[in-house]
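Colleague: I would like to go through this model with you. Could we take the polar contacts, the sheet, the rings and the ligand in turn?

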Amino acid sequence: MRVPTGIPGFDELIEGGFIEDDVILIIGGPGAGKSTFGVQYLYEGITRYNDTGVYVTFDESPARIMRNMWRHNWDLERLIKENKLRIVRIDPLKYSRYIKRSMTYEKIDTEEMTLESVLNQIYHNVQQIGAKRLFIDSITTLKMSHDPVNIRFILLEFIKNIENMCCTTLISSENKYVQDTFNVEEYLAEGVISLNTSRIGNEKFRLIEVLKMRGVKHDESIHRYRITDAGLVVDPHGSLLCEKADIFCNTPSKKGEYQ
Ligand SMILES: Nc1ncnc2c1ncn2[C@@H]1O[C@H](COP(=O)(O)OP(=O)(O)OP(=O)(O)O)[C@@H](O)[C@H]1O
Ligand SMILES: [Mg+2]
């Protein structure tokens, strides 16, 4: 069973859609369009494919997400009222929050965020609306440890438990390339989609690449995409990339550096 993203031009890169119940990673720098991609995936799922969806946000507040997505005419509030969408805020700062008194800030009582509490919150919401699509934005918060072994263990535990929720899941991650290595989660996920930008002179190019998609004969080229009033639009042919191959093939995911 395939789960189409509904993003124009993208599904044909992956034989029509994600494999059902897979966990797919979307990586990219700030403003690359990770959140837009994820919301579009949920929005299209609800409005075109009758799949309910859950959006888990670690970074942005639901109010801001709803406001920003209005830019693409996506009325998330209506979908929430219709019980087709849930936006779940998991606030990592909940356990170190301050309130403003007259002249000072004062720390208030808070609860501890554990992997268990995070998974429980997600699962609770998925079950309540019978979600088929899940978007987790982003995984970076779960990597707040100095110990790489600990990070790998946390991410492995997280991803394996998410896989059991019977949702086709998209997880966003910031691409940080330290010492030319990949993010641990790129190995753990079933698929990885990379969003990059490049410049030639004053012109900015947005570039999308399917780095891996286990079990799928996916397209192996780099394609241009745009963020428009209607959301992301991918050019599945993108001949320009061949002309400028030297520039465009030099992506962070391959060379370990930003353009
Ligand atoms: N209608 C539009 N036309 C063109 N670009 C737009 C439009 N609406 C939003 N954008 C651009 O899309 C980008 C927002 O993308 P998004 O928030 O999805 O990125 P992100 O990868 O999630 O970023 P971050 O890592 O900061 O969360 C912004 O740079 C914004 O300028
Ligand atoms: Mg974002």
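Modeller: A polar contact is a pair of N or O atoms within 3.5 Å; within protein, one must be able to donate a hydrogen and the other to accept it. Bear in mind that this is a predicted model.

Colleague: With which side chain does the side chain of S138 make a polar contact of 3.3 Å?

Modeller: S138 is found in the loop between β8 and α5 (148-163). Its side chain also has a polar contact of 3.2 Å, with the side chain of T140. The contact of 3.3 Å is made with the side chain of D59.

Colleague: Is S138 buried or exposed?

Modeller: Leaving out residues up to four places away in sequence, S138 touches F58, D59, S172, S173 and E174. The cut-off for buried is under 20% relative accessible area. S138 has 2%, so the residue counts as buried.

Colleague: Which strands are at the edges of the open sheet?

Modeller: The sheet has nine strands with mixed pairing, in the order β5-β4-β8-β9-β3-β10-β11-β12-β13. From one strand to the next the twist averages 25°. An edge strand pairs on one side only, and the two that do are β5 (85-89) and β13 (231-234).

Colleague: In which sense do β3 and β10 pair, parallel or antiparallel?

Modeller: Strand β3 covers residues 23-28 and strand β10 residues 191-200, with five bridges between them. In one of the pairings, I24 has G191 in β10 as its bridge partner. The sense of the β3 and β10 pairing is parallel.

Colleague: And which residue in β13 stands opposite T228?

Modeller: Strand β12 (residues 222-228) and β13 run antiparallel, joined by four bridges. A hairpin of two residues connects β12 to β13. The residue in β13 opposite T228 is G231.

Colleague: At about what angle to β5 does helix α4 run?

Modeller: Helix α2 (residues 62-70) lies across β4 (53-57) and β5, at about 130° to β5. Helix α4 (residues 115-129) lies across β4, β5 and β8 (133-137). Its angle to β5 is about 170°.

Colleague: How is the aromatic pair of F18 and Y41 classed?

Modeller: A pair of aromatic rings is described by the distance of the centres and the angle of the planes. The structure holds five aromatic pairs. For F18 and Y41 the centres are 5.7 Å apart and the planes at 65°, so the class is edge-to-face.

Colleague: How many residues apart are F18 and Y41?

Modeller: F18 is in strand β2 (residues 18-19), whereas Y41 is in helix α1 (residues 34-49). F18 is buried at a relative accessible area of 0%, and Y41 is buried at 0% as well. The pair links distant parts of the chain, with a separation of 23 residues.

Colleague: Which residues do ring pairs link into a cluster?

Modeller: F10 and F18 form an edge-to-face pair, 6.4 Å centre to centre with 65° between the planes. Both F10 and F18 are buried. The cluster linked by ring pairs is F10, F18, F37 and Y41.

Colleague: Which residue has a side-chain N or O atom 2.5 Å from an oxygen atom of ligand 1?

Modeller: Of the 14 residues around ligand 1, those that come nearest are K34, S35, T36, I227 and D229. Backbone atoms take part too: a backbone N or O atom of G31 lies 2.9 Å from an oxygen atom of ligand 1, and a polar backbone atom of G33 is 2.9 Å from an oxygen atom of the ligand. The side-chain atom at 2.5 Å belongs to T36.

Note on methods
Residues numbered from 1 in each chain as written. Chains lettered and ligands numbered in written order. Predicted model: local features only at pLDDT ≥ 70, side-chain atom pairs only at ≥ 80, totals over all residues. Heavy atoms only, no water. Pairing = 2+ DSSP bridges. Axes fitted to C-alpha atoms, helices over the stretch in contact; angles between N-to-C directions. Contact = heavy atoms within 4.5 Å. Phe/Tyr/Trp six-rings, centres within 6.5 Å; stacked < 30°, edge-to-face > 60°. Buried < 20%, exposed > 50% of the residue type's maximum accessible area, 1.4 Å probe, protein only. Near = heavy atom within 4 Å.
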